[in-house]
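Please keep the sequence and the structure in view while reading.

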Amino acid sequence: MAFCKLLLTVLVLLHNSGLLGNEVRSSIIGAEDAKKESWPWMVHLNMTSHDSKMVKWGCGGTIVAKQWVLTSAQCVANYDYRRSFVVVGAYQLQKAAHRYMGIANIVQYRDLGNSNYENDIALIKLKKPITFSKDVAPVALPDKDDTFGPSSECWITGWGEVGNVPLPFPKTLQQLRISIMSWSTCNKTYPQIAHNTLCGASRKGRDACKGNYGGPLVCRKREKLVQVGIMSHGSPGSCGLANHPSVYTEVAKYLTFINDYVHLSEKPSAFLYCKVTAC
Ligand SMILES: *[C@@H]1O[C@H](CO)[C@@H](O)[C@H](O)[C@H]1NC(C)=O
Ligand SMILES: *[C@@H]1O[C@H](CO)[C@@H](O)[C@H](O)[C@H]1NC(C)=O
């Protein structure tokens, strides 16, 4: 009996100190290991800058078509296509059972706007088409008029960090259920926020973080999940704080942009907004 009580006390202490909690080993703060094959559209971007510093960074992205990946514009700014690649079909990033794809091109949406992350969206054209399978498949996009709000069931996924704590070996994909904040609360929290964005509901200790940007916010629409947002940024310099929700680019506002490139990419006029490398 005394032993039980002692054990219980120890467990409570461990729990309170976070030693048994997910926080210790999750990337997206407060997340859990993803179920295998639940997020077949999820890709990892392994990027290196094209200047002499060769800065490296990781991002998320999603497969939207055989040769196209959707991500945030910041994730592909100033990258070197010879040293950067897309990892498809990964579950545990540090295990070998996945494919590495070269980048042919990046297409950005007109301009990034000014400093408030306006139009933080970009498409990556891969050098070769992806072969789809059970664990590699495109994400569904919402319809133009779909609305998602605080009552929607939504999820974010990623391999990124919590502040300076990287996801430990073997870097298992993390998933976190979150909800969307109402626009009025979002706008009140960040009065300078860009149009065509969404805030995640801010629950302390449950948030997207560095290395997850570019990755998806998917929400349930009847029987399936559709990509409602692209992780764009958090509040300056931190993540997982109460009342500092992460901000997402609202995918439904960019369907024309996405469809133009993905489905009409053979038409030269569709490359009007093409940036970075020659199209
Ligand atoms: C990118 O890939 C290299 C080589 O496989 C690896 O050492 C590095 O950790 C990766 N970086 C990121 C951010 O995924
Ligand atoms: C946020 O709200 C303010 C005040 O209602 C409004 O002027 C502004 O345009 C809104 N911002 C966006 C991006 O909707």
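## The open sheet

Seven strands form an open sheet in the order β1-β9-β8-β11-β12-β13-β10, and their pairing is antiparallel. The edges of this sheet are β1 (32-33) and β10 (197-199); each has a single partner strand, so one side of each is left without a neighbour in the sheet. The model described here is a predicted one.

Within this sheet, strand β12 (residues 224-233) pairs with strand β13 (residues 247-250) through four bridges, in the antiparallel sense. One residue pair can be located by name: G229 has E250 in β13 as its bridge partner.

## The barrel

A further group of six strands makes a closed barrel, which runs β2-β3-β4-β7-β6-β5 with antiparallel pairing. On average, neighbouring strands of this sheet are turned by 40 degrees against each other, direction ignored.

Strand β2 (residues 42-48) and strand β3 (residues 56-65) run antiparallel and are joined by seven bridges. Here V43 has G61 in β3 as its bridge partner.

## The chain as a whole

How many helices and strands does the protein chain have? Its secondary structure comes to three helices and 13 strands. The chain has 279 residues, of which 40% count as buried. Among contacts with a separation of 6 or more, 68% are between residues 24 or more positions apart.

## The nonpolar core

The largest nonpolar core has 62 residues, and those with the most contacts inside it are V64, V69, V86 and I124.

Leaving aside residues up to four places away in sequence, V64 touches V69, L70, P138, V139, I258 and V262.

## Residues in the loops

In the loop between β2 and β3 lies M54. Its phi is near 45 degrees, a positive value in a residue other than glycine. Is M54 buried or exposed? A residue counts as exposed if 12 or fewer other C-beta atoms lie within 10 Å of its own; M54 has 10 C-beta neighbours inside 10 Å and therefore counts as exposed.

R222 is placed in the loop between β11 (216-221) and β12. R222 is not a glycine, yet it has a positive phi of about 50 degrees. Because R222 has 5 C-beta neighbours inside 10 Å, it counts as exposed.

The loop between β12 and β13 contains H244. This residue has 18 C-beta neighbours inside 10 Å and so counts as partly exposed. Although H244 and C186 are 58 residues apart along the chain, their C-alpha atoms are separated by 9.5 Å.

P170 is situated between β8 (154-158) and β9 (174-178). The peptide bond joining F169 and P170 is cis, with omega about 0 degrees.

Notes: Residues are numbered from 1 along each chain as its sequence is written. Chains are lettered from A and ligands numbered from 1 in the order in which they are written. This is a predicted model: local features need pLDDT of at least 70, side-chain atom pairs count only at pLDDT 80 or more; totals for chains, interfaces and linings use all residues. Two strands pair if DSSP finds at least two bridges between them. Helices (H or I, at least four residues) and strands (E, at least two) are DSSP runs, numbered from the N terminus. Axes are lines fitted to C-alpha atoms, for helices over the stretch in contact, and angles run from 0 to 180 degrees between N-to-C directions. A nonpolar core is a set of buried Ala, Val, Leu, Ile, Met, Phe, Trp, Tyr and Cys residues joined through C-beta atoms within 7 Å. A residue is buried if 20 or more other C-beta atoms lie within 10 Å of its own, exposed if 12 or fewer, and partly exposed in between; C-beta atoms are placed from the backbone. Two residues are in contact if their C-beta atoms, placed from the backbone, lie within 7 Å.
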